[in-house]
Amino acid sequence: MKHFLRMLIQVCLYFYCKFLWRCLKFVMRKLTGRCELQRICYNTKPGASRTMKIETSLRDSKSKLLQTSVSVHPDAIEKTIEDIMELKKINPDINPQLGISLQACLLQIVGYRNLIADVEKLRREPYDSENPQHEEMLLQLWKFLKPNTPLESRISKQWCEIGFQGDDPKTDFRGMGLLGLYNLQYFAERDAAGAQQVLSDSLHPKCRYSFAIVGINITDLAYNLLVSGALKTHFYNIAPEAPTLSHFQQTFCYLMHEFHKFWIEEDPMDIMEFNRVREKFRKRIIKQLQNPDMALCPHFAASEGLINM
């Protein structure tokens, strides 16, 4: 009975607060002459602060047009903004900046949803040793990480030198599918010196961990941060338009470097402490992402492009 009353009170409070919020929005519109979307765009700086407020406003609107605008096709964004302006009775000639700001926000919101779909597709695609493209990517990973050491054969204990568990890496990709390989190859190719240094450090007795396996684990961390929405803060601050797979892979590279430093700082007794260290690292990253101004890897930020949107 007490549980039922508690639930009833919570439901009543929810609808009461929702009613008050709608009343407040109505009063604010009358006082300012601006709808909520206008107030957000004019009073909030571009980036995650603005985009997340716009996303919440659209999603919680009683208008079906506004609710569905966060999931339209990218090609339909311009028409959607025109429809929103018409619905809100906003003259685009008098308020030209509003359309530009809304377009920037919607590109980020829709792009984030599409990025999840792209990442999920890679995660669900298993590594196939019969696929020449998959095999070529794997061999390229070796060449980028060990440029001066030829791989003696496709099935080889040498794979353990870059942190795989056995003589055939394909079995290690089962958890994250092709996404793990894509990320590792991106890191090894785009940040060759950094990746080779992390690999070298990981082989040191005081740091000892399996580079490739940790990379797949960090891929899992990045994936979960993306799907949970935690990475919205980061991507909305660094991508002036739609975040892409490259943005996700750049974030993976950042997480690899940061985890490597964190692992050394924690100085675990052995690899058996990996889950504890990883969980502590995850909590630290999530805490950082709760800051609306956070950009995990600011050297990828496009702040100049966000200034006037």
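Student: In which helix does Ile 84 lie?

Tutor: Ile 84 belongs to helix α5, which covers residues 77–87. Please keep in mind throughout that this is a predicted model.

Student: Is Ile 84 buried or exposed?

Tutor: Ile 84 counts as buried because its relative accessibility is 2%.

Student: What is Ile 84 in contact with, leaving aside neighbours within four places in sequence?

Tutor: Its partners are Leu 37, Leu 58, Leu 65, Leu 66 and Ser 69.

Student: Let us step back. How many helices and strands does the protein chain have?

Tutor: The protein chain has 14 helices and zero strands.

Student: And what percentage of the residues is buried?

Tutor: Of the 309 residues in the protein chain, 45% are buried. The accessible surface comes to about 16800 Å², and carbon and sulfur atoms hold 56% of that area.

Student: What share of the contacts with a separation of 6 or more comes from residues 24 or more positions apart?

Tutor: That share is 66% in the protein chain.

Student: What is the mean pLDDT of the chain?

Tutor: The mean pLDDT is 87, and 85% of the residues reach 70 or more. Over residues 16–21, however, the pLDDT is below 50, and this stretch has one contact in the model beyond near neighbours in sequence.

Student: Where else does pLDDT stay under 50?

Tutor: It stays under 50 over residues 301–309 as well, although the model has 22 contacts for them beyond four places in sequence. Where pLDDT is low, the predicted coordinates should not be read in detail.

Student: Changing topic: how many aromatic pairs are found in the whole structure?

Tutor: A search of the whole structure gives 14 aromatic pairs. In one of them, Phe 262 and Phe 281 are tilted, with 5.6 Å from centre to centre and 50 degrees between the planes.

Student: Which parts does that pair tie together?

Tutor: Phe 262 is in helix α12 (residues 245–266) and Phe 281 is in helix α13 (residues 274–289), so the pair ties together parts 19 residues apart in sequence. Phe 262 and Phe 281 are both buried.

Student: Which residues form the aromatic cluster?

Tutor: Tyr 209, Phe 259, Phe 262, Trp 263, Phe 274 and Phe 281 form one aromatic cluster.

Student: What lies over the face of Tyr 112?

Tutor: Lys 232 lies there, at 5.7 Å from the ring centre.

Student: Now the charged pairs. How many salt bridges are found in the whole structure?

Tutor: The search finds 16 salt bridges. Side chains of opposite charge can pair when their charged atoms come close.

Student: With which residue does Arg 124 form a salt bridge?

Tutor: Arg 124 pairs with Glu 120, and their closest N and O atoms are 2.7 Å apart. The two are separated by about one helical turn because they are four residues apart in helix α6 (residues 96–124). Arg 124 is exposed, at a relative accessible area of 63%, whereas Glu 120 counts as buried, at 15% relative accessibility.

Student: Which residue meets Asp 168 in a salt bridge?

Tutor: The side chain of Arg 154 does, at 2.9 Å from N to O. Asp 168 and Arg 154 are 14 residues apart, and each lies in the loop between α7 (132–145) and α8 (177–190). Both Asp 168 and Arg 154 are buried.

Student: Finally, where does Asn 291 lie?

Tutor: Asn 291 lies in the loop between α13 and α14 (303–306). Asn 291 counts as partly exposed because its relative accessibility is 36%. Asn 291 and Ser 49 are 242 residues apart in sequence, while their C-alpha atoms are 9.4 Å apart in space.

Conventions:
Residues numbered from 1 in each chain as written. Predicted model: local features only at pLDDT ≥ 70, side-chain atom pairs only at ≥ 80, totals over all residues. Heavy atoms only, no water. Phe/Tyr/Trp six-rings, centres within 6.5 Å; stacked < 30°, edge-to-face > 60°. Buried < 20%, exposed > 50% of the residue type's maximum accessible area, 1.4 Å probe, protein only. Lys NZ or Arg CZ within 6 Å of the ring centre and 35° of its normal. Salt bridge = Lys/Arg side-chain N within 4 Å of Asp/Glu carboxyl O. Contact = heavy atoms within 4.5 Å. Areas by Shrake-Rupley, 256 points an atom, 1.4 Å probe, with all protein chains shown as cover. pLDDT = per-residue confidence, 0-100.
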